[in-house]
Amino acid sequence: MMTEETSTVAVRVKFMGDLRAVIGKRDETMTLPQGSTVGDLFASLCRSYGEPFVSRVFSKAGALQHYVLVFVNGENIKEAGGLGRRLEESEVEIIMLPMFEGG
Amino acid sequence: MESNWVLTSCGMCYVGCGIRVRVDDGVVTGIEGDPNHPQNRGKMCAKGKAGFMNLYNPHRLKTPLKRTNPKKGLHEDPKWQEISWDEALSTITERLGAIREDPKKLYVQAWEVIGDNFYWLLALGSAFGTPHLMGNASATCGKVIHPVEFFSGGGFHQQPDLHYCKYLVLVGTQFAIAARGAFNHILLDMAEARARGMKLVVVDPVGGFAASKADEWVPIRPGTDSAFALGMLHVLLNEAEIYDKKFLQHRTNAPYLVGPQGRYLRDPGSGKPMIYDTADRSAKIFDDPAVKEPALTGSYDFEGLKARPAFALLREHVSRYSPEKVEEITTVPAKTLRRVAREFGEAVSIGATMMIDGVELPSRPACVDWAKGPQGHKHGFHQSWALKLINIVTGAVNVPGGILSTAAAGKKPFLWWPDGGTDGLLEDGGHILPLPHPKAFPGRTPTRPIRMDLAELFPLAPHFHTLLPITSEDPGRWGLDYRIEVMLHAPTNSLLGSFGDLKKVERFYQTIPFIFGFAIEINETNLFDDIVLPFPTYLERYDFVAGTGLLIPHCGKDDWFWQVRQPAVAPPEGIRYPQEVIMEIAARLGILDDFYRLINHAFRMKEPYALEAGRRYSVTEVIDRMARCWFGEDRGLPWFQENGLVRIPRDVEEAYIGPFIDARLPVYLEHFLQRGEELKEVTDKMGLEWDFSDYVPLPEWLPCPAYDAVKHDGFDLIAVHFKFPYVYGSYGNDNPWIDELCENTGAYGVLIHSDVAKAKGIADGDEVWLESPVEKVRAKAKVTQCIHPQVVGIGGHFGHWAPGMPIAQGKGVNFNALLPTEMERIDKISTALDHCVEVRVYK
């Protein structure tokens, strides 16, 4: 939700898949400046959780690993602006999927 | 008497052939191949025909059990006690609930690839939050083929195009003769290709089924496949100068300029790799539209740096593998290798084209195929990758007659297609399910592990479970401060099939306080279970994913398909559908909505078909939603129950994707250098000694431990494993008809070369001791000329002792039990456990 006093938005982030083990929690609520994007959210998460998070989530600067999915209010960001997707009152799901293997 | 025929899908291995099941008064009395099914075109194998003996196995588990003997071991009697489903699921929920805040303590073995449970179990583990999800079964198989194929072909697996191939070299695989996906389809293609005159050369330590059908069997010393491949490359590139220049120039990274440190020369502004255009003698960015004639040879100065095209480095590199040098390594005579390479080079017909359905395509009617054999070595990645390079340098990839990538692309019911990415190279393989696929490019960033399987230290690997018996012995050595506390497994037999040294696996399983899983019959893995849940056979199940038609269908222009498995008969009272059990566990844990989220994504479930949060579904409701979502409102589960399958025609672009992919293939693995350097930083910080010899951009032959051990440690033979078509995947080991086949064909014996047997005083049928560094077993000798004289051949997946498998008990040898399981025997790229082991054989 956006508050007039601070012009911030509160984003509930839900971690699924491997990330629960990396982050050590199932979800958290983060406060970001109004107008923040998914990329800004990830920058904040990178600051909070450091190298273990960065190395698992990004293949290189600005590029998510192919096994990381991000949904904002149920919508895959791949189809909605990618890391540039603006965040309003949102629930963000960050899912680190297992590989579909074989052999 | 009421009789009817039910259309469904076989489940006696992972292929999933279409079958018609005859049911008389509720009893299955016969199984036939479905002639309308593209996967097998009405044909069946012996295993499939014997399938209903599994259904009526008197030793089947039909009610949940709990162990009452707390002591666990290979030969400990669990002292089972029958319990209710509610007690079983309550106990499971309680034990999972206890690790809820630290979910990585759960380990899920999801491999049950004949049906839905494969992904459903992965999704359950993922919703729970553990990274320890094992979506594979073997300690070797699949560990290289998938990551290689996704970055050098575009799909999940590979298949020679038997429709047009004229010269096929099989290395360490019995493709289309005794093994592989779409088995009953490609068997016919192989027969037709052989009748048409295709030459078949089999390179294998074992003169098995494939060799017996071949024009030529080339026995090779185990673990030397890369040397053979590099020798072939040398003959092709340097002696005969046969390579597909245009393909290499424009469809691979062969022209990328490589600087002194082995890295691409990159454009300072864009960071993109550079090439040298001989048309105007200037360096350009690789994707500059003005590029005309990228150089493949030579040496160039670029702002003070000397650089050479990757292809020039490859040619120079392979020049160290002359056939004479390769003979010393492989025992393959130099003249044989040279002849095979030259025959291959002539057959591949560089520059030829052909028309299919009005579309002109390159024609490359020769290829090399490999599968399990080359992967199963300490240096398994490069053993295999060198073989794939033969196809790439001759342009025989995804074109008629060459090697084809399975399930790489399709247009119905969705569009899926491989795509380029980093440095213009193939990066995103095609996959009908929008799930991350195993690929060795560009890899992941190594970091300090939190995973018990050390996945973080294997940034190019897709599978990691071979590490678990090693790390579980001393987690602290790897910086880990916890242990696996709960294991959930599919109804397979990981104890015998997924690792090596049984005593080490026994110790690993003994460290896990709570193990639960499924079973059709109580096998050796179940002997470690705390709770066992009964599982229906494939003749009693519903599955939206029925077999591996979505990953390894037959290639070429024959129709693709989708089949939904339905029960021929109802499961016995007391057996529940596994999908409903999984949903029940998720619901009890409070993660059902998360589970739905993952299933909806994996199966592209959109409104109004997507599973809705807060609702409960039966398995038939879920499958009906999936079927209607994919194939239309009128093609739900009832339609599939009546019609069996949807046939989906493939056009030329789907069948031969090579010319239609907007991406280059690699011949030079520059990123291996980067990942190796990153990994070294991590291992140095952790104080670990690590072998980086495989982190090189061009493949090198390096010896397996067994290669040297037979020279120095008192062992004189190397044991290898091979497959039988009638025990493929071990689904029929306790099936009396399969047992009879095995008995009558001597499948339970171990192959010893007649010269070796004579020298050791061993006669055919003698009982002998077979001893590896970690196991000593009795075996029956099968004396033959059809094996490399330095090798002992062990087939199938035998060596059972579980009381629940009385037919299989005491028959044959469990090959994996012979394999030392230590870091020194693990491929540092793929995590494959070395599957050749030094042994001695004596009476």
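The dialogue below takes up the terms one at a time for this predicted model.

Student: How many of the residues of chain B count as buried, and what share of its contacts joins residues 24 or more positions apart?

Tutor: Of the 843 residues of chain B, 62% count as buried, the cut-off being 20 or more other C-beta atoms within 10 Å. Among contacts in chain B with a separation of 6 or more, 70% join residues 24 or more positions apart.

Student: Why is Glu101(B) called exposed?

Tutor: Glu101(B) has 12 other C-beta atoms within 10 Å. A residue is exposed at 12 or fewer, so Glu101(B) is exposed. Glu101(B) lies in the loop between helix H3 (85-97) and strand S6 (106-109) of chain B.

Student: How far is Glu101(B) from Gly129(B), in sequence and in space?

Tutor: Glu101(B) and Gly129(B) are 28 residues apart in sequence, and their C-alpha atoms are 9.4 Å apart.

Student: Why are H5(B) and H14(B) called roughly parallel to each other?

Tutor: The axes of helix H5 (residues 145-152) and helix H14 (residues 380-393) of chain B cross at roughly 30° and come within 11 Å. Angles under 35 degrees count as roughly parallel, and these two helices are therefore roughly parallel to each other. H5(B) passes H14(B) in a right-handed crossing.

Student: Which residues meet where H5(B) and H14(B) are in contact?

Tutor: From H5(B) come Ile145(B), Val148(B) and Ser152(B), which meet Ser384(B), Trp385(B), Lys388(B) and Ile392(B) in H14(B). By class, this contact has 4 nonpolar, 2 polar and 1 charged residues.

Student: How many residues does each chain bring to the contact between chain A and chain B?

Tutor: Chain A brings 21 residues and chain B brings 33 residues. On the side of chain A, strand S2 (8-17), helix H1 (19-23) and helix H2 (38-57) each supply at least two residues. The residues on that side of chain A divide into 10 nonpolar, 7 polar and 4 charged.

Definitions and conventions:
Residues numbered from 1 in each chain as written. Chains lettered and ligands numbered in written order. Predicted model: local features only at pLDDT ≥ 70, side-chain atom pairs only at ≥ 80, totals over all residues. Contact = placed C-beta atoms within 7 Å. Helix = DSSP H or I, 4+ residues; strand = E, 2+ residues; numbered from the N terminus. Nonpolar A, V, L, I, M, F, W, Y, C, P; charged D, E, K, R; others polar. Axes fitted to C-alpha atoms, helices over the stretch in contact; angles between N-to-C directions. Parallel < 35°, antiparallel > 145°, perpendicular 65-115°, else oblique. Left-handed = near helix turned anticlockwise from the far one by under 90°.
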